[in-house]
Amino acid sequence: MFCPNCGLKMRQTKGSYHYTESGLSNVVLTGVTIRVCSCGEKMPVIPSIEGLHRAIAMGIVKSKTPLTGEGIRFVRKEMQLKAVDLARLLSVNKVSISRWESGKEPIGHANDKLMRLFFMREMEEECKQMLRYEVRPLLENISYKTYKAAQIKIPMDKLKTGALTGPPLC
Ligand SMILES: [Zn+2]
């Protein structure tokens, strides 16, 4: 594999990677193979973007900190919804969606929780099985004292094979 930046041969290593390509500032992939170049270029080796993004979206909806703008946008896109469609589903104005996603306005507790349940339910419909996850402790323990998102760690070497290659989370 040659560096897309300078053309030199890249070496391979294993470690953690701050996955900002996701559009999220708080996602770290651990145990991931990384291609490294002496020019500074770094690229993670991701077997399935689809599977990884599904795992990240699950990480977002399971986090104990409120959904942030970038988190809302990520989950919405995972559900393949346009902002206008999400607005219709939540019975809010589409301007609200763009204000939430740009961080100009917090989503509000009820819509925060609804987004999470909505995503999990859609996963279940897609996988035709129940997620083994209890929602009550999650909903009870979200702390709305801070609007800074907790870090989401995705253990790439521990994700079950299906999550990265087959139908995600099924
Ligand atoms: Zn290079």
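N93 lies in the loop between helices α3 and α4. With 10 C-beta neighbours inside 10 Å, N93 counts as exposed; a residue is called exposed if 12 or fewer other C-beta atoms lie within 10 Å of its own, buried if 20 or more do, and partly exposed in between, with C-beta atoms placed from the backbone. N93 and A83 are 10 residues apart in sequence, and their C-alpha atoms are 9.8 Å apart in space.

The model is predicted, so local features need a pLDDT of at least 70 and side-chain atom pairs count only at pLDDT 80 or more, while totals for chains, interfaces and linings use all residues. Residues are numbered from 1 along each chain as its sequence is written.

**Overall architecture**

- The protein has seven helices and four strands; helices (H or I, at least four residues) and strands (E, at least two) are DSSP runs, numbered from the N terminus.
- From the N terminus on, the order of these elements is β-β-β-α-α-α-α-α-α-β-α.
- Taken along the principal axes, the box filled by the C-alpha atoms is roughly 50 × 35 × 30 Å.
- The protein has 170 residues, of which 25% count as buried.
- Among contacts between residues at least 6 apart in sequence, 65% join residues at least 24 apart; two residues are in contact if their C-beta atoms, placed from the backbone, lie within 7 Å.

**Strands and their pairing**

- Strand β1 (residues 11–18) pairs with β2 in the antiparallel sense over seven bridges; two strands pair if DSSP finds at least two bridges between them.
- Strand β2 (residues 27–36) runs parallel to β4, and four bridges join the two.
- In β4, I152 stands opposite V27, and P155 is the bridge partner of T30.
- β2 also runs antiparallel to strand β3 (residues 42–44), to which three bridges join it.
- The bridge partner of I34 in β3 is P44.
- The hairpin of β2 and β3 has five residues between the strands, and in this hairpin G40 takes a positive phi near 110°.

**The enclosed helix α2**

- Seven of the 10 residues of α2 are buried, so this helix is largely enclosed by the rest of the structure.
- The buried residues of α2 are G71, I72, R73, F74, V75, R76 and E78.
- The cover over these buried residues includes α1 (49–62), α3, α4 and α5.

**The crossing of α3 and α4**

- Two packed helices are described by the angle between their axes and the distance between the axes.
- The axes of helix α3 (residues 83–90) and helix α4 (residues 94–101) come within 8 Å and cross at roughly 110°; axes are lines fitted to C-alpha atoms, for helices over the stretch in contact, and angles run from 0 to 180 degrees between N-to-C directions.
- That angle makes α3 roughly perpendicular to α4; angles of 65 to 115 degrees count as roughly perpendicular, those under 35 as roughly parallel, those over 145 as roughly antiparallel and the rest as oblique.
- α3 passes α4 in a right-handed crossing; a crossing is right-handed if the near helix is turned clockwise from the far one by less than a right angle, and left-handed if anticlockwise.
- On the α3 side the contact is made by A83, V84, L86 and A87, and on the α4 side by K94, S96, I97 and S98.
- By class, this contact has five nonpolar, two polar and one charged residues; Ala, Val, Leu, Ile, Met, Phe, Trp, Tyr, Cys and Pro count as nonpolar, Asp, Glu, Lys and Arg as charged, and the others, Gly among them, as polar.

- Most residues other than glycine have a negative phi.
- Q80, a residue other than glycine, has a positive phi near 55°.
- Q80 follows α2 and is placed in the loop between α2 (69–78) and α3.
- Q80 is exposed, with 8 other C-beta atoms within 10 Å.
- K128, also a residue other than glycine, has a positive phi near 55°.
- K128 lies in the loop between α5 (109–127) and α6 (135–140).
- K128 counts as exposed, with 8 C-beta neighbours inside 10 Å.
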